[in-house]
Amino acid sequence: PPAHSCNDWIGPPDKHSNLRPVIFYVPPKESPLERRLREARQEAQACDQRFWARHNRAFCKEKEEFIYSRLKAKGLDRGAETGQKATLNAEEMADFYKEFLSKNFRKHMQYNRDWYKRNFTITFLMGQVALARALRWLRWKKKNV
Amino acid sequence: GLFVWHLKSAGARQVLCPFLHLCRAGSERWVTFQYFNFLKRMYVTQHNKDLSQRAKPKSDSVASPFRELQRLDQEKKVIYKIRPISPAHQPLSETSSGEVKLAAETDSSATPVRAEPKDDRQWKEMKLRLEDLPGILARLSKIKLTALVVSTASAGFAMAPIPFDLTCFLLASLGTGLASCAANSINQFFEVPFDSNMNRTKNRPLVRGQISPLLAVCFAASCGVPGIALLTLGVNPLTGALGAFNIFLYTCCYTPMKRMSIANTWVGAVVGAIPPVMGWTAATGTLDAGALLLGGILYSWQFPHFNALSWGLREDYSRGGYCMMSVTHPGLCRRVALRHCLALIGLSAVAPVLDVTTWTFPVVSLPLNLYISYLAFRFYRDADRSSSRRLFFCSLWHLPMLLLVMFTCKKSLLEKEDKGDLPGGDQGRAMEMRLP
């Protein structure tokens, strides 16, 4: 983001977490409320990034392991002689998907709770900041009229 | 919402200068750029048209747009220029013209912020442009799905045994549409990190940061409250109550349940069944058997539709942590789809019994229902991607066809009057229909 910008900037999705990172603009006259909001958003971003990056990496790793073990059981090699990677079709992968989902169920429940809480807090803070700014602007308008 | 209105009514405040400048400098090209941000082909087309106006060929690397931006000053008229780039680099830059404002984060002076260019995509400023707002809100409210919901509600209205009242019909449709927009927006508000991780949903406005969560909630409230009020006061309280209940069911039951239990599919089917019931109650004011029948038909339809769709998304659901039948209970998934297709045949046969349609309806709709049941049976037996896709696409045209046939076979009021079993209070109106 450029030097003179006074807004946040959002980037392309992260390779591991698929979440889009945000660079937050820190205004010079940031009120305590605005700082709380920015810090809450930064913390939420960090939490989400950690969770999803780890989760997706685990998914890919376990998927590879599953494919490898299944192919080995079938007597095939992962890199076949034709040069193409041997892989499983969707129906065979279904077992893996089911297993992965049930294994991570509790982790997701915990994350859901945290996510909802964070989402509400941040949105509420945004509302407070917007209101504070509106009042400030009204006061300024009245003064300058 | 709050902040956008603020911007519009603002005067000379420095914070709002950039925005005003943008408004002044803005023209149609901005709208197209913003709207087709990620459609590179469209971007290139528009950009070609524009190069003559803003000629500044750039042969530099992707990182250079940021250097360009550093020269921009808030006070200048045209602040956020379209990035003029050489044709060779057009595919690469989806650049600075993409801007989204985060409602809570603007202030007067600029502070240097470190730039972190990513390899093949650009960073976008989170600045909301007024021209983009309609497009963004359309995607936030899932406007196409809303249109479908409103059409099922209209079908419910049309099937109700009363003379057609245009005002009531329009009010009911509008109210239902607004309620649906509100529900869809809240749904997206709740699901941002999950949507980012699924291919189908990763381009939604909140995921891409095109709109702030606060704005999404304000939009939902500003659609939902007038929508429900319109239904309650302009149509009747029963329809309003059903609308409010449906919003609650969708946002507070279905959306969280998607991640907790496979029962979410059944709750979602009820959510889909309520709009035609709402249409019917808007017309008649009561919850008759006909309303429940229509609701039942839509309820049963949801299963082949959704189960077939979810069959191809198993990987995304599994990784995203969604509890769907297709992942955890695949056999049940296919059984339920088949079961409900057969139920559709049964429900169509019940329609004439309840005086909703004539007996031609079950006869004419039988081939339709048999065909979808056949595809559901193939899905049940084969359990592969191609059969699921065929079932899904069939469900897309099956429903409109079924509703159309139902409407054409609707039992006319005149017939009913002859038999002497009109709903109470409509005798007067029915007489009017007879007059030339």
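In chain B, B:Lys142 sits in the loop that links helix H6 (133-140) to helix H7 (143-159). Helices here are DSSP runs of H or I with at least four residues, strands are runs of E with at least two, and both are numbered from the N terminus. The model is a predicted one, in which local features need pLDDT of at least 70 and side-chain atom pairs count only at pLDDT 80 or more, while totals for chains, interfaces and linings use all residues. Residues are numbered from 1 along each chain as its sequence is written, chains are lettered from A and ligands numbered from 1 in the order in which they are written, and side-chain values use heavy atoms, with hydrogens and water left out.

Buried means under 20% relative accessible area, exposed means over 50%, and partly exposed is in between (1.4 Å probe, protein chains only). B:Ala383 is another non-glycine residue with a positive phi, here about 55°. This alanine is in the loop between helix H17 (360-382) and helix H18 (385-408) of chain B, and at 9% relative accessibility B:Ala383 is also classed as buried.

As for the chain overall, chain B holds 20 helices and 1 strand. Of its 436 residues, 57% are buried. Taking the contacts in chain B with a separation of 6 or more, 74% are between residues 24 or more positions apart; contact means heavy atoms within 4.5 Å.

Next come the helix pairs. Two packed helices are described by the angle between their axes and the distance between the axes. Axes are lines fitted to C-alpha atoms, for helices over the stretch in contact, and angles between N-to-C directions run from 0 to 180 degrees. Helix H10 (residues 213-235) and helix H11 (residues 237-257) of chain B pack at about 165°, with axes 6 Å apart. H10(B) is therefore roughly antiparallel to H11(B). The cut-offs are under 35 degrees for roughly parallel, over 145 for roughly antiparallel and 65 to 115 for roughly perpendicular, with the rest counted as oblique. On the H10(B) side the contact uses B:Ile228, B:Leu231, B:Thr232 and B:Val235, and on the H11(B) side the residues include B:Pro237, B:Gly240, B:Gly243 and B:Ile247. By type, the residues of this contact split into 6 nonpolar, 4 polar and no charged. In that scheme Ala, Val, Leu, Ile, Met, Phe, Trp, Tyr, Cys and Pro are nonpolar, Asp, Glu, Lys and Arg are charged, and the others, Gly among them, are polar.

The second pair is helix H16 (residues 330-353) of chain B with H17(B), whose axes come within 8 Å and cross at roughly 175°. H16(B) and H17(B) are therefore roughly antiparallel to each other. Their contact residues divide into 18 nonpolar, 4 polar and 2 charged. One of the residues in H17 of chain B is B:Pro362, which is buried at 13% relative accessibility. Leaving aside neighbours within four places in sequence, B:Pro362 is in contact with B:Ser348, B:Ala349 and B:Pro352. B:Pro362 and B:Leu347 are 15 residues apart in sequence, and their C-alpha atoms are 8.7 Å apart in space.

The UniProt record (an unreviewed entry) puts the feature "transmembrane region" at residues 238-257, 360-379 and 391-408 of chain B. Positions from UniProt are in the numbering used here, feature names are shortened, and annotations may be inferred rather than shown by experiment. In the model, residues 238-257 of chain B are 100% helix and 0% strand, with the end C-alpha atoms 26 Å apart. Residues 360-379 of chain B are likewise 100% helix and 0% strand, and the end C-alpha atoms are 29 Å apart.

B:Thr265 lies in H12 (residues 264-284) of chain B and, at 6% relative accessibility, is buried. Not counting residues up to four places away in sequence, B:Thr265 touches B:Phe303, B:Phe306, B:Asn307 and B:Met325. B:Gly285 is in the loop between H12 and helix H13 (289-311) of chain B and is partly exposed, with a relative accessible area of 33%. With residues up to four places away in sequence left out, B:Gly285 touches B:Asn236, B:Leu238 and B:Trp280.
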